Amino acid sequence: MSTDVDFPQLLMQTSPIFQNREFSFTLKDDIYVRYQSFNDLAELKEAIQSKCPYKIDIGAVYNTKPRDHKKIKASEFYPVQKELVFDIDMTDYDEIRTCCSGASICMKCWPFMTAALKVLDKALREDFGFRHLLWVYSGRRGIHCWVCDQRARDLTQEGRAAIAEYLQLVSGSDQMDCKVNVPLSYPAVSRAYDMLKSIFEETVLGTNYQDILNHPSQRKALLAVLDDKDLCERLEERWSNDKRTSVEKWADLEKEAKKKLKAIVLQFTYPRLDIHVSKGLNHLLKSPFVVHPKTGRVCVPIDPLRADEFNPMAVPTIKHLLTELDGIAEQIQDSRKARGYHGTSLALSMEIFDRFLRSLDADTHLQQPGKHTASPNTMPMSRFVHSFPL
């Protein structure tokens with residue numbers, strides 16, 4: 001099917017799944033407007049154009065229209081469906097990053113996000129059988145995952161918690177030295193370790209990346225995982241004025257603390273999840289394709305099969321897109337009807353998104369034989385995004 005097809009027209013825009021979905025707008029001066037809902041795409045589009053939100057978040061599907069929640073008792077208003085979501089933020093890696101901190105990112109630390117995507121994508125597909133995973137750049141310092149299978153959207157809060165906790169291998173306060181709190185012999189843990197070992201060697205130890213054993217603060221945190229005071233002191237004394245690379249120093253650990261290496265690799269490369277985001281049905285998550293208000297970058301989808309190629313620094317900004325669209329407008333009289341994004345740096349991102357949507361829609365058809373129109377259960381956020389072709 002051509003990507004020139006007007007995808008929103010293939011979907012049932014007036015289904016309860018759309019009408020009962022919460023949208024949240026962040027307006028100027030950080031005014032936060034929750035529990036908005038819309039009868040159709042035209043109404044949503046009108047609200048966006050009139051309010052000009054700085055940010056748009058998407059929430060759950062409720063048992064009634066969210067905008068009417070004050071008309072009923074609080075106990076009678078509750079979420080009934082939502083994508084299973086994951087949020088990985090680079091600030092959770094600050095204790096191990098040697099290049100950046102806070103909201104800053106660079107290509108030396110971005111591999112932590114790439115590793116998180118690869119490990120979680122594999123676990124969600126192989127351990128839980130999910131097929132429709134949309135990975136999205138947050139626009140600044142992290143990534144989001146929307147698991148959109150019907151089984152995922154129908155999960156209870158207990159079911160979401162069980163999955164999130166199963167995937168959370170690294171947890172604990174800043175005061176904890178070893179934060180890997182599961183048996184290292186578990187098959188899922190061994191699989192993650194096999195995936196992460198080479199990433200650890202390149203990203204955590206590599207001279208062109210974190211070079212962690214040559215940075216005192218981060219080196220101390222790594223050695224603390226050993227839980228062996230004498231060994232830590234001995235290595236610290238040996239390494240403090242040692243000009244060798246981190247890879248060469250790691251060889252010392254391979255000789256003296258081989259049993260602890262697996263825990264170190266996992267603690268320093270395994271995805272650091274905010275599981276509260278995944279557990280809650282009423283938690284909001286930034287919509288794909290919105291513009292991050294601080295960076296101006298678009299929250300674009302990431303192809304998990306080409307995650308190594310993704311560069312957050314190359315993601316188009318709204319300013320750059322407007323410049324590209326101005327050039328297109330000179331060639332096409334009605335660039336919006338012609339979907340001007342085809343001629344912009346957003347084209348590949350839209351192709352990834354289209355491919356994801358069509359796979360999801362095809363799967364929905366298979367689950368509902370005999371139906372020739374798109375299911376009302378097709379992910380409503382897709383209707384929202386596709387209703388605004390650049």
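This is a guided tour of one protein chain, stop by stop, for a reader with the structure open in a viewer.

**The whole chain**

Begin with everything shown, and keep in mind that this is a predicted model. The protein has 14 helices and nine strands, and of its 390 residues 51% count as buried. Among contacts with a separation of 6 or more, 66% are accounted for by residues 24 or more positions apart.

**The sheet**

Select strands β5, β7, β6 and β9, which form an open sheet of four strands in the order β5-β7-β6-β9, with antiparallel pairing. At the edges stand β5 (84-89) and β9 (301-302), and each of them has a single partner strand, so one side of each is left without a neighbour in the sheet.

Now walk across the sheet from β5. This strand is joined to β7 (residues 142-147) by six bridges, the two strands running antiparallel, and if you pick Phe86 you will find Cys145 of β7 standing opposite. From β7 the next step is to β6, and these two strands pair in the antiparallel sense over five bridges; Leu134 has Trp146 of β7 as its bridge partner. On to β9, which pairs with β6 in the antiparallel sense over two bridges, with Val136 opposite Pro301.

Centre the view on Leu222 and display what surrounds it. Setting aside residues up to four places away in sequence, Leu222 touches Phe200, Ile212, Leu213, Trp250, Leu253, Ile264 and Phe268.

Select helix α10 next. Is this helix enclosed or left open by the rest of the structure? Eight of its nine residues are buried, so α10 is largely enclosed by the rest of the structure. The buried residues are Leu261, Ala263, Ile264, Val265, Leu266, Gln267, Phe268 and Thr269, and what covers them includes α3, α6, α7 (216-224) and α9 (246-256).

Of these covering elements, show α6 together with α10. Helix α6 (residues 187-204) and helix α10 (residues 261-269) pack at an angle of about 75 degrees, with their axes 8 Å apart, which makes α6 roughly perpendicular to α10. On the α6 side the contact is made by Val189, Ser190, Ala192, Tyr193, Leu196, Lys197, Phe200 and Val204, and on the α10 side by Lys262, Ile264, Val265, Leu266, Phe268 and Thr269. By type, the residues of this contact divide into 10 nonpolar, two polar and two charged.

Then pick out Leu261, which lies in helix α10 and counts as buried because its relative accessibility is 8%, under the 20% cut-off. Leaving aside neighbours within four places in sequence, Leu261 is in contact with Trp250, Leu253 and Glu254. From Leu261 to Leu226 the C-alpha to C-alpha distance is 8.5 Å, although the two are 35 residues apart in sequence.

**Two loop residues**

Finish with two residues in loops. Asp227, in the loop between α7 and α8 (229-239), has a positive phi of about 55 degrees although it is not a glycine, and Asp227 is exposed, with a relative accessible area of 67%. Phe289, in the loop between β8 (285-286) and β9, has a positive phi of about 75 degrees and is likewise not a glycine; at 15% relative accessibility, however, Phe289 counts as buried.

Terms used: Residues numbered from 1 in each chain as written. Predicted model: local features only at pLDDT ≥ 70, side-chain atom pairs only at ≥ 80, totals over all residues. Heavy atoms only, no water. Contact = heavy atoms within 4.5 Å. Axes fitted to C-alpha atoms, helices over the stretch in contact; angles between N-to-C directions. Parallel < 35°, antiparallel > 145°, perpendicular 65-115°, else oblique. Nonpolar A, V, L, I, M, F, W, Y, C, P; charged D, E, K, R; others polar. Buried < 20%, exposed > 50% of the residue type's maximum accessible area, 1.4 Å probe, protein only. Pairing = 2+ DSSP bridges.
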